[in-house]
Number of protein chains: 2
Amino acid sequence: MLLLTLDPTSAPPLYEQIYRGIIRLVDDGTLLPGFHLPATRRLAATLGVNRTTVFRAYQELWARGYLESRPGSYSTVRRPGQLPARGTVPQPAQVRWNELAPPRNRELVGALKDLPSRPGKGDGLIDFSSLMADRDLCPADDLRRAVKHVLVSQGKDLLGYGDPQGYRPLREAIAQRLRTHGVTASADEILVTGGSQQALDLVLRTFTRPGDRVAVEAPTYSMAHPLLRLHDVEVAEVPMRPDGLDLDVLTAVCAERRPVLVYTIPTFHNPTGTTTSQTHREHLLALCRQHRIPLVEDGFDEELKYFGKAVLPIKSMDREGLVIYLGTFSKVVFSGLRVGWVAAPAACVQHLLAIYRFSNLSGNTLGQAAMARFIDEGLYEVHLRRLHRAYRGRMQAMLKGMAAHMPPGVEWTRPAGGYTLWVQIPPAAGTEAELEARLRHHGVAVVAGNHFFCSPQPMPAFRLSIANLKEPQIAEGCLRLGRALAEAMEGRHAA
Amino acid sequence: MLLLTLDPTSAPPLYEQIYRGIIRLVDDGTLLPGFHLPATRRLAATLGVNRTTVFRAYQELWARGYLESRPGSYSTVRRPGQLPARGTVPQPAQVRWNELAPPRNRELVGALKDLPSRPGKGDGLIDFSSLMADRDLCPADDLRRAVKHVLVSQGKDLLGYGDPQGYRPLREAIAQRLRTHGVTASADEILVTGGSQQALDLVLRTFTRPGDRVAVEAPTYSMAHPLLRLHDVEVAEVPMRPDGLDLDVLTAVCAERRPVLVYTIPTFHNPTGTTTSQTHREHLLALCRQHRIPLVEDGFDEELKYFGKAVLPIKSMDREGLVIYLGTFSKVVFSGLRVGWVAAPAACVQHLLAIYRFSNLSGNTLGQAAMARFIDEGLYEVHLRRLHRAYRGRMQAMLKGMAAHMPPGVEWTRPAGGYTLWVQIPPAAGTEAELEARLRHHGVAVVAGNHFFCSPQPMPAFRLSIANLKEPQIAEGCLRLGRALAEAMEGRHAA
């Protein structure tokens, strides 16, 4: 006889009360394996419930392994999860994932914790740390209309797997835009990715092996470092000079042991804001050509030129097809859509595509189609002009503020575009960490220079970004920066 | 004196005619490096054009490296791209990307070409090859409303970088759905990915090293093979039996050399359609526990149960936290949105998240938010019921058709859910390729069994998918299949 008490007024539904009751009886040994439960009809009658309630409880018991799984029969009790494995079963501890993962992963989990934390808001903090473009400028309504349009006009076509190389009209729109930068690439020479981080990852997956050497600028994009670590490559840091990476050092690096890739951000470099000259670009390309090293050109903010003459991407001079160009919409328009791309010779794209397809199947077609529509409607051009107007003024305010407030001895770059500039402070003023804390005390958040290097640097430096600040904040921020640094250089202590 | 002829009536704008003319003169040696171009004002007067037209032409020349880059001056001619690199410059050939990539990549580029091609339409072909769900059932309008809603209510918040672990309300909705399958996971134990292929890739990136051993079912998901190849792991194929992978073989595999992961699809297995029993699941989990091997459970079509009793995922029995569960919305609703997930212990998710973040920054927040809205509104449940109604009938039609038309000697599985079943044909009937061609001749497309194995198999087999077929087509398809196979087994030749 099965002793179960049900409470029709309590919260768990009746079938749940039944199966939980039976599980309790099995777990505490009242019902032994092999015991035959009553037929559903009989138990239903005994308990005064509907037969389907009992049936559902038995189904649940079966699903949880408390009943023998003979088809059509739910009657014989068993105990789940207590089967001996073939061989002896030592009692297992909890899984130690740290031990199961390669040691390098532990570093990466650590690196996750070392990422610069977002400074809080409130308290009038001026945040020079963020690279997220001002959301007040984000054309969200235009995007909504673009999404609506593509869903209404193409609907279901966009909701199945798309072209793994990327939605073709978007590839054509990207090719078209690249032509305005002097780059000739067909839609076949473009692969759309989920952002330019994914594009860089893909290039590294495709063309590096563990232990290979990759040359990068020092400083460079901070999220490139953990990514390079993930690929177990040896990083050759090439110092940045006022006109881009030091070509003599790169020459020596190549002579010593050939890098398999050179990674460069020649235009509005992150973090320094430097744009290299035509001559520098030619020398760099010639050097890569000489050693047959693919040049990965990251044009993440190519479109953000505010002043002065245009310098075309290195890719525009690339007659041998040695340059792998990375682009993205993230820094100009919608970072959350995750749309970036690679422009490279078709044979190179085929390699990238193989890795991309087998690791992703395809990208997010809806987002790609919406982006294509946004460009085709001319909204991208309009947005870009708006962005230029806004940031030209902000960068001017920044450069003016720096000139007005920096104490002697402090050096900084004069970017012609992008969001970032780079400040170097004489070591006598304190360590980077001390200076960062002092700036914070004065109500200014920055990103410490060490995030942009592999190896520790003697000279304290900071990246200042104007992406998320308006002119009055920039002016006030420069004033505070100047005060804080002057204080540090005079050796006074923060309160 | 500068000899340029302009044609105001021709297509290229005047500034372009000017700079192209000058480039021609430099390239053919008429203008030598060091030549001083006339001031813009003078040249404008000479040519009878606006001064800004000349200015723009000079800008372009500068950008293309045909003028010295002294600030503010555009006057001195130079030749671009002809600078000697430091050291000697051998004349480079075109880049051979095949040689720059690791040899394994060449295989993958080859594998890209070996993927089963989509059969054409028209000519009344019945396509049992596609795993894309019937687009007539796709709730595109509901998705459009969900996208609109989230863009209107959250707009700009969704268009910046999102939570790298995935949009939290979506993680909560996934956790809630997993509970209906007996799996208890919190939002912290879920990582949203761009589909379940990316999730599997991420697990392999995180927990395998080249040369490690990974145990998989044979046959298994065809796109797992090139992915495993990408990771340079050794694949231990464990044959599928009527109740799932052969546990004795897996035991021997573990004894010989411990795999670092076991990959299994216990429910509506792709390609066979097999669902393993509770007992099999317990044995498999116990074996993994014994050897401390993380079990990767791919529940890609968990939700597609049409008949019979529920079997809960192995993850639901996982008390030690050894199971890494992969899920996706691609097979049930919108494959093009690219939303999948991993459910695993928090410590495991931290490892996955580190790799994910450094290789992707974040996922596509807009798609994730739309999916969350779609679930929260109950539309997912409604859609699932609709899908069940449709495919229950289709799977019944399939099983009925197979029973009616298969010649003796042909064997097939009886799936209780999902889209696929598996047919094995006596080798005497011909090779797989011959049989595939014969079926095609009879107007039926299938996927050849060899796509689902690493190593060649003696027994011809096919995967049949009902994902994209309606009942009458299924009935007709089975008739054709039966005829074609009967013909093959009688040794007659296709016309």
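Which residues of H15(A) are buried? I take that up in point 1; please keep in mind throughout that this is a predicted model.

1. The buried residues of H15(A) are A:Tyr380, A:His383, A:Leu387, A:Tyr391, A:Arg394, A:Met395, A:Ala397, A:Met398, A:Gly401 and A:Met402.

2. A word on the helix itself: H15 of chain A runs over residues 379-405, 27 residues in all. From its first C-alpha to its last it reaches 38 Å, close to the 39 Å expected at 1.5 Å a residue.

3. Now the core. The largest nonpolar core holds 181 residues, and A:Val342 and B:Val342 touch the most other members. Leaving aside residues up to four places away in sequence, A:Val342 touches A:Leu191, A:Thr193, A:Ala199, A:Val203, A:Ile324, A:Tyr325, A:Leu326, A:Val349 and A:Leu352.

4. The same surface serves both of them, as 100% of the contact residues of chain B recur in chain A.

5. Finally, the contact between the chains takes 97 residues from chain B and 97 residues from chain A. On the side of chain B that touches chain A, helix H13 (residues 346-360) of chain B gives the most, with 11 residues. By class, that side has 49 nonpolar, 33 polar and 15 charged residues.

Note on methods:
Residues numbered from 1 in each chain as written. Chains lettered and ligands numbered in written order. Predicted model: local features only at pLDDT ≥ 70, side-chain atom pairs only at ≥ 80, totals over all residues. Core = buried A, V, L, I, M, F, W, Y, C linked by C-beta atoms within 7 Å. Buried ≥ 20, exposed ≤ 12 C-beta atoms within 10 Å, placed from the backbone. Contact = placed C-beta atoms within 7 Å. Helix = DSSP H or I, 4+ residues; strand = E, 2+ residues; numbered from the N terminus. Expected span 1.5 Å × (residues − 1). Nonpolar A, V, L, I, M, F, W, Y, C, P; charged D, E, K, R; others polar.
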